[in-house]
Amino acid sequence: MRKYWRAYQISIQETLQRRSSLLMDRVGGLAVMLSLYYFWKTLLSGRPSFLGYSYSQMLTYIFGMNILRSFALTGRGWELVGEISSGKISSYLVRPLNYHGYALSLDLSKKTIHLFAALIEVGALLMLFHPPFYLPQSALSGLAFLAALVLASLLFFFLEFLVSSLAFWTSESGGPLFFFELCVQFAAGAFFPLDVLPRLIQKGLSFSPFPYLVFLPINIYLGRVGEGQMLRDLLMAGLWTAVFAAISLVVWRKGLASYSAEGG
Amino acid sequence: MKKYLRVWWKMSSMSLMAQISHPLGSVGFLLGKIVRIAFFFAFIIAIFGHIKNLAGYSLSETALFFLTFNIVDISAQILFRGIYSARRAVSEGDFDFYLIQPCSALFRLSMTTFDFLDAITLLPVLVMTGQILERFSSPGFFVHCLLYFFLTFNAVLIASSFHILVAGLAVRTQELENTIWIYRDIMFMGRFPSDVYGPLFQLFLTFVLPIAVMTSFPVRAFLGLLSPQWIAYAFTLAGLLFGLSLWFWKTSVRQYTSSSS
């Protein structure tokens, strides 16, 4: 366990050293948050609510979205693709560590930094614009939100790991990863609440793991999910995570079996 | 001119062959680009299922703002895709070879990669824009269309200026590879009409980071909502920015001492 903790610490230092990359990521997130904040603010001006979201709930959704994008939807997919394609992964495979555990440590370090940055950004906007901010109405909602956040983060980790593992079989896995990342952002509700979409699309998405990444955690926080439904949602999120963890492990093993590298 | 067309043709054919030789990757990127536009479009249409207007604009008008943003954004990417790898070209020494070739180094750097995937993505956007423009047949339609066309071209010129400035920075510093992505990220704000943003923020998007001039002005001019003074401002700004970016590029190249070979 200690070696993973060390990997986590070193990765934090590395991420903080590459400040321009971090700044770029944050500017992107901030631009999205500001745009959508103003968009919904304008849309809700003169309306008490929209699709059951009150003014404060909708603006809190936007702020929550920035936090969820930074924590749950931040990953190392492109790094993993690069490591497999370039053969760099060989150096990890001969080390006495489990690659999934190692990748999870690095993933968590990236998420930690982005979470702090997102909290600072949201805090700054709250101080600057004084928008109404919705707080959870019960301790249960708050706790369930934290559980949903952890599950969302793990689910995205395994989903991204699965898609990135394509790099074992093709040097063109960047395209599918790009497509996956864009689809996830929309289907997870990381740009707008999924309630906005037509019922048929909502129904289709409810059979996929994507709403458990952003949309459901925020809806739990906003108290828009009843206690029974909340428990069912958390169980489903856990189930999806377990399913994709198993699939990604199987695919990883198959990938390693077909992997070969030359040179050093 | 003929020489440049020949260089462009050669570079473009090589880019096309490279993209065809990676079908899975190319299809993934193309689908990603199309999905991004389709989802936002679906979002706008879905929103208008519940409201009549957004900041005073109808569905067609809001869609036109979104499509104009895409025209400007994608056109700049088609023209300047090579700038995205400018830092690598400088640090790996490729830029030294561009300098000794008998054509503009900026042109050579920009045209290193011609992204056919962007060109394919642009086609449906142009078709949809044409269909929406057709719906607004009113007196002065032709003049408004011309204004829309020239102001969109003007917006591409501003976007080009930003790309040239970034290329100049890459030549000067060999470090600022992320600058272009910061520009792309900030451009996200151009997806919606600038009227959505508060008055203070609108001023910022008009005078400091002229995203409003690039994505909202063409549509507002088409709808007859832009005064001649603002139209003059847009053209003057583009001219000044383009001049400044070329000057910056030239001085950057003049100070360049080669960082690799």
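A: In this predicted model, helix H2 (residues 19–44) of chain A crosses helix H3 (residues 55–71) of chain A in a right-handed sense. The axes of H2(A) and H3(A) are 10 Å apart, and the packing angle is about 165°. That angle exceeds the cut-off of 145 degrees, which makes H2(A) roughly antiparallel to H3(A).

Another pair in chain A is formed by H7(A) and helix H8 (residues 174–187), whose axes lie 9 Å apart at an angle of about 155°. H7(A) and H8(A) therefore also run roughly antiparallel to each other. The crossing of H7(A) past H8(A) is right-handed.

Helix H7 (residues 139–164) of chain A has a further partner in helix H11 (residues 227–258) of chain A: the two axes come within 8 Å and cross at roughly 20°. Because this angle is under 35 degrees, H7(A) is roughly parallel to H11(A). The handedness of the crossing of H7(A) and H11(A) is left-handed. Sorted by class, the residues in the contact of H7(A) with H11(A) comprise 20 nonpolar, 4 polar and 1 charged. H7(A) thus takes part in a roughly antiparallel pairing with H8(A) and in a roughly parallel one with H11(A).

Helix H1 (residues 2–17) of chain A consists of 16 residues. From its first C-alpha to its last, H1(A) reaches 23 Å, close to the 22 Å expected at 1.5 Å a residue. The buried residues of H1(A) include A:Tyr4, A:Ala7, A:Tyr8, A:Ser11, A:Ile12 and A:Thr15. Viewed down the axis of H1(A), its buried residues fall within an arc of 140°, so they line one face of the helix. On the face of H1(A) turned away from the buried side are the exposed residues A:Arg2, A:Gln13 and A:Gln17.

The loops also deserve attention. A:His130 is located in the loop between helix H6 (99–129) and H7 of chain A. Although A:His130 is not a glycine, its phi is positive, at about 50°. A:His130 has a relative accessibility of 64%, above the cut-off of 50%, and therefore counts as exposed. In chain B, B:Ala55 occupies the loop between helix H2 (23–47) and helix H3 (59–80). The phi of B:Ala55 is likewise positive in a residue other than glycine, with a value near 50°. With a relative accessible area of 31%, B:Ala55 is partly exposed.

B:Phe217 belongs to helix H12 (residues 217–222) of chain B. Its relative accessibility is 3%, so B:Phe217 counts as buried. Between B:Phe217 and B:Leu147 there are 70 residues of sequence separation, and their C-alpha atoms are 9.7 Å apart. B:Thr251, in helix H13 (residues 228–255) of chain B, also counts as buried, at 12% relative accessibility. B:Thr251 and B:Gly168 are 83 residues apart in sequence, with a C-alpha to C-alpha distance of 8.3 Å.

A:Leu104 is placed in helix H6 of chain A. A relative accessibility of 33% makes A:Leu104 partly exposed. B:Ile132 sits in helix H7 (residues 116–134) of chain B. At 9% relative accessibility, below the cut-off of 20%, B:Ile132 counts as buried. B:Ile132 and B:Ser91 are 41 residues apart along the chain, and 45 Å separates their C-alpha atoms.

How values were computed: Residues are numbered from 1 along each chain as its sequence is written. Chains are lettered from A and ligands numbered from 1 in the order in which they are written. This is a predicted model: local features need pLDDT of at least 70, side-chain atom pairs count only at pLDDT 80 or more; totals for chains, interfaces and linings use all residues. Side-chain values use heavy atoms; hydrogens and water are left out. Axes are lines fitted to C-alpha atoms, for helices over the stretch in contact, and angles run from 0 to 180 degrees between N-to-C directions. Helices (H or I, at least four residues) and strands (E, at least two) are DSSP runs, numbered from the N terminus. Angles under 35 degrees count as roughly parallel, over 145 as roughly antiparallel, 65 to 115 as roughly perpendicular and the rest as oblique. A crossing is left-handed if the near helix is turned anticlockwise from the far one by less than a right angle, and right-handed if clockwise. Ala, Val, Leu, Ile, Met, Phe, Trp, Tyr, Cys and Pro count as nonpolar, Asp, Glu, Lys and Arg as charged, and the others, Gly among them, as polar. The expected span of a helix is 1.5 Å times one less than its number of residues. Buried means under 20% relative accessible area, exposed over 50%, partly exposed in between (1.4 Å probe, protein chains only). The arc is that of the directions from the helix axis to the C-beta atoms.
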